[in-house]
Amino acid sequence: MSLIVSAGLATACTSQTEGAASPAPNASASTGASPADPEVPKVTQPPLDAGKYAADTCGLLPRDLLASMKYTDAGEYHPKGNTPLTAAGPSCSWKIKGEGIGLQVILGTGNRDLGAGGLAGTYAAYRLKKFVKFLEPAPAVEGYPAVYADIQDERPMGTCAMVVGIADDLSFSIQAQGYQGQDDSCAAASQAAAGVVKTLKGA
């Protein structure tokens with residue numbers, strides 16, 4: 001089972017079930033990294049405001065982009081909550097019926113509220129080696145810094161999880177699951193992540 005992280009929280013996603021967030025790190029997790037930490041990629045582009053999508057996370061991905069990726073069914077929205085399964089922030093997941101392929105986006109507003117937001121929270125979680133045991137820099141997404149981060153590196157198995165920093169204290173996560181190897185899964189994740197950034201730039 002693969003985990004998608006959203007600035008320090010993890011979300012499990014399989015071809016049979018929708019994603020479910022894992023417990024948040026405690027407050028001390030956010031002290032291990034900060035926006036001033038030299039290891040944390042900086043957000044040098046204008047910070048993006050994702051507030052309007054907290055109640056419409058499925059709207060982060062344009063319908064034409066989803067259709068081009070063969071996601072024709074509506075996404076399933078999961079609001080942010082106070083349980084370990086929903087604390088990371090609101091999310092939306094899509095599936096391609098009969099193919100075991102899925103896509104999920106998590107808006108890390110819950111992590112921000114817990115003081116573990118942005119890529120700094122992801123790096124802090126990685127240092128704890130609890131929910132994030134794999135972290136590697138990823139190509140920037142529309143000018144915004146990104147990392148591959150997961151409980152383990154499952155890219156060769158066709159699952160790619162990315163975290164994109166859109167402000168010093170806010171990020172979103174994308175997971176493409178059930179694809180054919182690293183190149184295929186990460187291309188899908190990158191394509192979806194770019195769609196999210198473009199949506200937020202136009203918000």
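Me: What follows α3, and what is its phi?
Reply: K129 follows α3, and its phi is positive, near 55 degrees. Helices here are DSSP runs of H or I with at least four residues, strands are E runs of at least two, and both are numbered from the N terminus. This is a predicted model: local features need pLDDT of at least 70, side-chain atom pairs count only at pLDDT 80 or more, and totals for chains, interfaces and linings use all residues. Residues are numbered from 1 along each chain as its sequence is written, and side-chain values use heavy atoms, without hydrogens and water.

Me: Why is α3 called largely enclosed?
Reply: Buried means under 20% relative accessible area, exposed means over 50%, and partly exposed lies in between (1.4 Å probe, protein chains only). In α3, 8 of the 11 residues are buried, so the rest of the structure largely encloses this helix. Among them are G118, L119 and Y123.

Me: How do you know that β5 and β6 pair?
Reply: Two strands pair if DSSP finds at least two bridges between them. β5 and β6 have 6 bridges, in the antiparallel sense. In one of them, S91 has I106 of β6 as its partner. The two strands form a hairpin with 4 residues between them. In its turn, G98 has a positive phi of about 75 degrees.

Me: What makes β6 mostly covered?
Reply: 7 of its 7 residues are buried. I101, L103, V105 and L107 point one way from β6, while G102, Q104 and I106 point the other way. In a regular strand the side chains alternate between the two faces of the sheet.

Me: Why do β4 and β7 count as edges?
Reply: The open sheet has 7 strands in the order β4-β5-β6-β10-β9-β8-β7, with antiparallel pairing. β4 (76–78) and β7 (134–141) each have a single partner strand, so one side of each lacks a neighbour in the sheet.

Me: What makes a set of residues a nonpolar core?
Reply: Its members are buried Ala, Val, Leu, Ile, Met, Phe, Trp, Tyr and Cys residues, joined through side-chain atoms within 4.5 Å. The largest such core here has 43 residues. Y71, W94, L103, V164, I166, F172 and I174 touch the most other members. α4 gives the most to this core, with 9 residues. A second, separate core of 11 residues includes L119, A120, V147 and V163.

Me: Which residues are in contact with V164, leaving aside its neighbours within four places in sequence?
Reply: Contact means heavy atoms within 4.5 Å. Those in contact with V164 include L119, V141, F172 and V197.
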